[in-house]
Amino acid sequence: MTVTAFAPETEERFVLARQVADAVLFEGYVLYPYRASAAKNRLRWQFGVLVPPGWGTECEEHDFQHTECLMEPKAGATLAVEVRFLHARRRTVQRVRPDGGFDTVPELRLEDRVLVPWDEGSEERVEVVAPVDELLGEGVTHPFRLPAREDTEPVVDEAGRAVGRLVRRCEEISGAVRLSARELDGPYRTMRLTAVVENTSDWTPPEGRGSDREAALPHSLVATHLLMALSAGSFLSMTDPPEWAKGAVAACRNLHTWPVLAGEPGRADLVLSSPIILQDHPAIAPESPGALYDATEIDEILALRTAALTDEEKREARGTDERAAAVIELADSMPPEVLERLHGAVRSLREVTCPGPGAPDGFPDEFGVTRPDTPWWDPASEAGFDPAQDRVVVDGRSVGQGSRVELHPGLRRTDAQDIFLRGRTAKVEAVLHDVDGGVHLAVTVEGDPGADVRREQGRFLYFQPDEVTPLEDDV
């Protein structure tokens with residue numbers, strides 16, 4: 001028998017994983033500059049959108065997610081599954097008429113915000129708990145339905161007078177969670193778990209609007225992902241499985257989603273399967289002061305740019321969405337010491353110039369690295385180099401600061417941006433030597449209007465001597 005209530009210990013385990021799951025749920029929810037009028041905020045929601053099956057044939061989006069992973073449950077174990085997604089809630093803005101009625105308007109301007117039509121996202125959860133033994137064979141299916149609903153919110157001005165209202169409407173959505181398991185052959189009690197989330201809504205697009213994504217979104221499951229926990233036993237990593245399980249892992253099918261181990265590092269009883277590919281045990285950076293919602297967000301840059309918005313831009317952002325308003329407040333109130341923490345953090349430094357405690361010179365340490373008798377780099381070795389005076393011979397010509405060269409980026413050690421510069425002329429600003437004995441030319445491209453700024457800031461492009469051709473002999 002399938003039940004739909006989590007035990008307290010299961011709920012406690014989900015708390016940490018939900019921090020990352022929330023980041024998936026709201027990934028790209030609203031993008032900088034956080035205004036509904038911004039072009040990039042007019043095409044909403046790019047990840048994990050499960051559309052109605054009657055519309056999926058008209059587009060490249062899908063009506064299901066299919067997760068497969070391996071688990072080693074203990075006898076009597078149960079599986080707890082939480083499906084999480086956003087339900088689009090279409091908001092319209094109405095202004096009060098003198099007779100007390102309401103007219104729908106494109107915007108309603110208030111002292112502190114500008115209210116405009118917008119699709120909000122209402123968080124939804126579907127919970128399923130089933131004994132692992134029930135998943136064998138045909139498994140279990142848990143259908144769910146979210147009814148259509150409508151609510152209104154009065155809007156008052158700074159004096160407390162009613163000036164309008166917001167009307168929010170959610171459309172009906174139906175779906176299903178299908179769970180099944182199959183025991184694999186081998187010396188271990190290993191099972192392949194299959195979890196499918198489907199949008200089963202019977203909505204079809206109106207006549208002549210077959211490709212209208214805006215019409216389909218209120219009937220879709222948005223940013224859909226799964227949390228799955230075993231009461232006893234463990235899951236196997238899909239990205240770093242043990243050697244004996246690699247073949248079985250490779251045979252798993254994951255469509256429109258990818259499962260990783262979640263929760264506390266060192267535990268393997270919880271999986272997050274999401275439309276965004278993550279590493280095992282993903283975590284929110286402790287320096288991050290709050291959600292910024294912008295896809296692939298970089299907290300420091302977004303915080304600075306958000307704080308620099310004009311007052312009018314901030315008013316519109318505050319009226320766009322409550323979460324956008326919270327971002328504006330966060331950027332405006334962030335203390336300098338918090339902003340400074342966003343500048344960067346190093347989490348993987350290892351001592352490489354000194355032996356481990358009690359280890360003699362030349363003896364491998366606990367990481368298996370042999371420590372040299374002397375550091376790998378001696379600061380005194382820089383004494384013989386001067387980037388402004390050093391020169392290098394290229395095609396029989398002496399090249400140094402001030403030399404003009406033609407750029408020919410090497411295909412094996414460059415990127416697309418450098419390749420665009422093929423055939424351009426440049427001025428050598430410095431000749432640099434790295435600790436491995438390599439030589440690099442720092443250059444500025446001729447004709448670049450920002451060359452003077454780059455030169456003042458020491459921001460150059462770098463090429464190796466065999467990637468340039470001298471244009472003239474130095475006088």
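A pocket is an open set of grid points with protein on both sides within 12 Å along at least five of seven lines, and a volume is the space filled by probe spheres set on the points. The model under discussion is predicted.

**Largest pocket**

- The lining of the largest pocket comprises 30 residues.
- Ala23, Ile284, Ala285, Ser288 and Glu297 are the lining residues that lie nearest the centre of the largest pocket.
- Two or more lining residues come from each of helix H1 (8-25) and helix H5 (299-307).
- Helix H1 gives the most to this lining, namely five residues.
- By residue class, the lining of the largest pocket contains 16 nonpolar, six polar and eight charged residues.

**Largest cavity**

- The structure holds one cavity of 30 Å³ or more.
- The space in the largest cavity amounts to about 40 Å³.
- Its lining is formed by Pro289, Leu292, Asp299, Ala303, Val327, Leu330, Ala331, Met334 and Leu342.
- Helices H5 and H7 (322-333) each contribute at least two residues to the lining of the largest cavity, and the largest share, three residues, is that of H7.
- Eight residues of this lining are nonpolar, one is charged and no polar residue is present.

**Asn254**

- Asn254 is located in the loop that runs between helix H4 (246-250) and strand S14 (258-261).
- Asn254 counts as buried because its relative accessibility is 18%, where buried means under 20%.
- A polar atom of the Asn254 side chain lies 2.9 Å from the backbone nitrogen of Glu68.
- Beyond its neighbours within four places in sequence, Asn254 is in contact with His66, Thr67, Glu68, Met238 and Pro259.
- Glu68 therefore figures both in the list of contacts of Asn254 and in the 2.9 Å approach to its side chain, as the cut-off for contact is heavy atoms within 4.5 Å.

**Model confidence**

- The average pLDDT of the protein is 87, and 88% of the residues score at least 70.
- Over residues 359-371, pLDDT stays under 50.
- For residues 359-371, the model has 19 contacts beyond four places in sequence.

Terms used. Residues are numbered from 1 along each chain as its sequence is written. This is a predicted model: local features need pLDDT of at least 70, side-chain atom pairs count only at pLDDT 80 or more; totals for chains, interfaces and linings use all residues. Side-chain values use heavy atoms; hydrogens and water are left out. Helices (H or I, at least four residues) and strands (E, at least two) are DSSP runs, numbered from the N terminus. Buried means under 20% relative accessible area, exposed over 50%, partly exposed in between (1.4 Å probe, protein chains only). A polar contact is a pair of N or O atoms within 3.5 Å; within protein, one must be able to donate a hydrogen and the other to accept it, and residues adjacent in sequence count only if both atoms are side-chain atoms. pLDDT is the predictor's confidence in each residue, from 0 to 100. On a 1 Å grid over the protein atoms alone, a cavity is a set of points where a 1.4 Å probe fits but cannot get out, and a pocket is an open set with protein on both sides within 12 Å along at least five of seven lines; lining residues have an atom within 4 Å of a point. Ala, Val, Leu, Ile, Met, Phe, Trp, Tyr, Cys and Pro count as nonpolar, Asp, Glu, Lys and Arg as charged, and the others, Gly among them, as polar.
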